[in-house]
Amino acid sequence: MNHDTIDALLQKINDSATSEGNPRTKAIVNRVVRDLFHTIEDLDVTPDEFWTALNFLTETGKRGEFGLIAAGLGFEHFLDLRLDEAEQKAGMEGGTPRTIEGPLYVAGAPESDGHARIDDGTDPGQTLVMRGRVLGDDGKPLAHALVEVWHANHLGSYSYFDASQPAFNLRGSIRADAQGRYSFRSVVPVGYSVPPGGKTEQLLDQLGRHGHRPAHIHFFVSSPGYRKLTTQINIEDDPYLWDDFAFATRDGLVPELKKAEGAQGEPYGVTGNFALIDFDFTLSRERGDVPTTQVQRARAAA
Ligand code: MBD
Ligand code: FE
C-alpha cells in the first residue's frame, strides 16, 4: 500500500474524534500509530508477527518488565542524553554526571543522619564503605543534603523485588551533616542480570544481546534550590563495566575501589579489611529555563 493511502486512512481515523481529547496525547499517539502503520507496510509485517508482538507486550505488562525493557532498549539513557543536551544549550556545565534511575528504586527507606549501615550483616560480599560530600556547583558543601542509595546484593538482586531479602536491605536515605558529609557502610554489590525466562531476556535474545549490568550503586541526591541528581557509580574492573545492557556507565562515575583496613574502619564500626570509595556529588542550582530533573514515574513504595 502506498504511504498516501495509509495517511488517508489515518486521517479518517483521526477525523472520527468527536471531542477535543488531550491535544498532547493526540499528537503523540497519532505520530506513533502512523510510524507503526508505515513500519508494517515497509517491513511487510505479517498478521502472525503483529499478534505475536501484541501478545509479547501483554505478557511484558503482566510481568511488570516494561521498566526493564525501557532501560534495555536504551530509552532511559536517551532521555538522559536529551536532558544533558538541554543543559548544555542553556550554558550549564559541571556537576556530577546523571545516569538512569532504572526500575528498582523503592520509596520509603529509613532515614539516617550522616551515616547509615544499609546491609543486614548476612551478605557474604566484601564490606564496603562509601563516603564523601555533597557540593553545590560553586564547590561549597550543601549542608543536610539528602543522599538516597540503593544497590544489589552478592547475587545481583534488589530487596523488595527479591522477597528473600529483608525490607529495605541495601537501601537507605542519608541526611548529610552540616559540612555536607555523608557515608554509608554496606557490601560490594554484584552486577544485575535480567530475570531468566522473562520477556526482557526473550527480546534481548532475539536482538542478539545480553542482559547484564556491571556492578553499580544508585543514588538520588537532593538539596533545596538544586536540581535533583539521579546517578550511579560503578565498581571498577567489572567485566561488563563498558558493556552495560542499559548503557548507564559514564565517565566520571567509576571511582577507585580502594583497599582499606584497621583504624580506617573505626568511624564506621568496621574491623579488618574493607573496600573504600571516596566520592563527592556536585549538584547544579535549580533554574527555570531547563527541564526539571524531578521525574514523575510510578515507583514501588514500601
Ligand atoms: C538494574 O539494577 C538497573 O539499575 C537497571 C537500569 C535495569 C535493571 C536492573
Ligand atoms: Fe540497578
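## The iron site

Which protein donors hold the iron ion (ligand 2)? In this predicted model, they are Tyr158, through its OH atom, together with His216 and His218, each through NE2. These donors lie 1.9 to 2.0 Å from the iron ion.

Read along the chain, the donors of this ion follow the spacing Y-x57-H-x1-H. And are the two histidines buried or exposed? His216 is buried, and so is His218.

Next stop is strand β4, which covers residues 127–136. The strand is mostly covered, with eight of its 10 residues buried.

Which way does β4 run relative to β7? The two are antiparallel, and seven bridges join β4 to β7, the strand made of residues 181–187. If you'd like a spot to look at, find Leu128, which stands opposite Ser186 in β7.

β4 also pairs with β11 (residues 274–278), and here the strands run parallel, with four bridges between them. Then comes β12 (residues 281–283), which is joined to β4 by three bridges and runs parallel to β4. Look for Thr282 in β12, the bridge partner of Leu135.

## The enclosed space

How many cavities of 30 Å³ or more turn up? The count comes to one. The largest cavity holds about 100 Å³ of space. It is lined by 13 residues, and those closest to its centre are Gly102, Pro103, Leu104, Tyr192 and Arg213.

Two elements, α4 (66–72) and β8 (216–222), each supply at least two residues of this lining. What kinds of residue line the largest cavity? By class, there are nine nonpolar, three polar and one charged.

## Out on helix α2

Finally, have a look at Asp35, which sits in helix α2, the stretch from residue 23 to residue 42. Why does Asp35 count as partly exposed? Its relative accessible area is 32%, and partly exposed covers values between the 20% limit for buried and the 50% limit for exposed.

Val187 belongs to the stretch 181–187, which is strand β7, the antiparallel partner of β4.

Conventions:
Residues are numbered from 1 along each chain as its sequence is written. Chains are lettered from A and ligands numbered from 1 in the order in which they are written. This is a predicted model: local features need pLDDT of at least 70, side-chain atom pairs count only at pLDDT 80 or more; totals for chains, interfaces and linings use all residues. Side-chain values use heavy atoms; hydrogens and water are left out. Buried means under 20% relative accessible area, exposed over 50%, partly exposed in between (1.4 Å probe, protein chains only). Two strands pair if DSSP finds at least two bridges between them. Donors are N, O and S atoms within 2.8 Å of the metal (3.2 Å for Na, K and Ca); water is not among the atoms, so sites may look incomplete. On a 1 Å grid over the protein atoms alone, a cavity is a set of points where a 1.4 Å probe fits but cannot get out, and a pocket is an open set with protein on both sides within 12 Å along at least five of seven lines; lining residues have an atom within 4 Å of a point. Grid points are joined across faces, edges and corners, and a volume is the space filled by probe spheres set on the points. Ala, Val, Leu, Ile, Met, Phe, Trp, Tyr, Cys and Pro count as nonpolar, Asp, Glu, Lys and Arg as charged, and the others, Gly among them, as polar.
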